[in-house]
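Here are some notes to read beside the model. Please keep the sequence at hand while going through them.

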Amino acid sequence: MPGTSGRGAGGAADGAAGGGAGAGAPGGLRRTLTFRDLLVYGLLFIAPMAPVGIFGTLQARSHGAVTVVYLVATVAMACTASSYAQMVRVAPRAGSVYAYARAGLGEGAGFVAGWMAMLDYLLIPAVAYLFSGIALHALVPAVHPWVWTALAVVVTTLLNLAGVRTAARVGFAVLAMEIVVLAVFVVSAVVVLASHGAQRGWAAPLTGEGGFSAGAVLSAVSVAVLSYLGFDAIASFAEEAGGGADRVARALLTCLVVAGVLFAVQTYLAALLMPMSAADLAARPVEQGTAFYVTVDSAVGRWLRDLVAVSKAVGAAFAALAGQAAAGRLLFAMARDRRLPGAMSKVDAASGAPRRALLGAALVTLVAAVGAARRDDGLDQLSSIVNVGALTAFGLLHASVLGWFWIRGRGTDRLPGRSGAPGDGAPSVLWHAVVPLLGLAVVIAVVVEASATAQLVGGVWLVTGLVVLAVQYGGRARG
């Protein structure tokens, strides 16, 4: 396999040692992010109220057991979080899964992982920007959605160019606002439930309406795991985190747990208050997208529905900010390794941000988001393709754990720089074999459930990446 020696193995060694451009050297990224900053970026990208948009779909698919869906999805995504936590200590470098696949599987696999993650990191922000533009257009109809969308891209790009700490501070304020709105919903829902009771049995969000169906729950889980896409962006800031790889690993796992709790609580309360049964909702698919808003309106009032809508509009733009920042780090890392044009590997001396990589990511996202905003079906088209890139990258992440600890014969090694990490014996088998295999199985199941459009676009993007990789190898051979 290409890269099993030389740069492929050396990249991991460099990362473990904290060397290279990521250790605060001139021209490198700066270690300024705290644990809170990392958590803010992860939760911003996920969004505390991510289930709002797909609540109705999950309620209908799961036959009413929507809360169990999120509990199962959290456990499933814990496998991915565990693999990230393992590999961020092996290769604590910018680029996230690109660096990990490069360390565990070689340069070729690393490029493919980065290429597929690029599709996710460039288009998920585009979807978030478009969602923000549509929501703001609903509040100010005189301004076309594409104008709001472009404005959101410009504002958040300027914040990212100002530096990772500046963006994190503003992001913290937006995240705090989202959590306050979520808290208002939770308190209001509890008051309504205490005063008027629930629309259905208190256990219904856990057991389903009319009986529990494991098949229905698993079908809904394949959609719900997409709510968690974004927590992995934390790993992209490995070279900018004070405290090193352990802090990044802790932030990854904490972010997933916090998101899982928030998702479970809000869906449980919404399911109890929802005026329609899961069966009625399944029979009216056109009403599934607004089910959460209808529930809030009928149970609490229009004021809270509008407050949730405004929070989602602002939160979406800043979720895109976190996604754009992660995309910039991925492009920076790949350019630094000469997998993309070298100009994107430059770091701005004043802000410490990879300015050219950020501008490159912003340009692609701007074109995709504004182009979609000018089409009636733009949101559906973008949403259908953004997930396959991330899921493929997740699959290569799990394969990287197997590659590093087993294929390369490191299964009995302790993780570098961390005493007490899983070593040989049963713990090593669990964390370095069983967990990544389970994570890989989840990824395959979700990809199989993806739409035909998403599979087609993902396949074309993958083939394009393989062609680019072949051209690069051909150029090196001739050189």
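1. In the largest nonpolar core, which has 145 residues, Tyr41, Tyr100 and Phe185 touch the most other members. Helix α6 gives the largest share of this core, 18 residues. A nonpolar core is a set of buried Ala, Val, Leu, Ile, Met, Phe, Trp, Tyr and Cys residues joined through side-chain atoms within 4.5 Å. Buried means under 20% relative accessible area, exposed over 50%, and partly exposed in between (1.4 Å probe, protein chains only).

2. This is a predicted model: local features need pLDDT of at least 70, side-chain atom pairs count only at pLDDT 80 or more, and totals for chains, interfaces and linings use all residues. Residues are numbered from 1 along each chain as its sequence is written, and side-chain values use heavy atoms, with hydrogens and water left out.

3. Apart from neighbours within four places in sequence, Phe185 is in contact (heavy atoms within 4.5 Å) with Gln266, Leu269, Ala270, Phe292, Val296 and Leu304.

4. Phe292 and Val296 are among the buried residues of helix α13 (residues 291–299). The cover over the buried residues of α13 includes α3, α6, α8, α11, α12 and α14. Helices are DSSP runs (H or I, at least four residues), numbered from the N terminus. After α13 comes Gly301, with a positive phi near 150°.

5. Which helix gives the largest share of the nonpolar patch? It is α18, with five residues. Val434 lies in α18 and counts as partly exposed because its relative accessibility is 36%.

Note on methods
Helix = DSSP H or I, 4+ residues; strand = E, 2+ residues; numbered from the N terminus.
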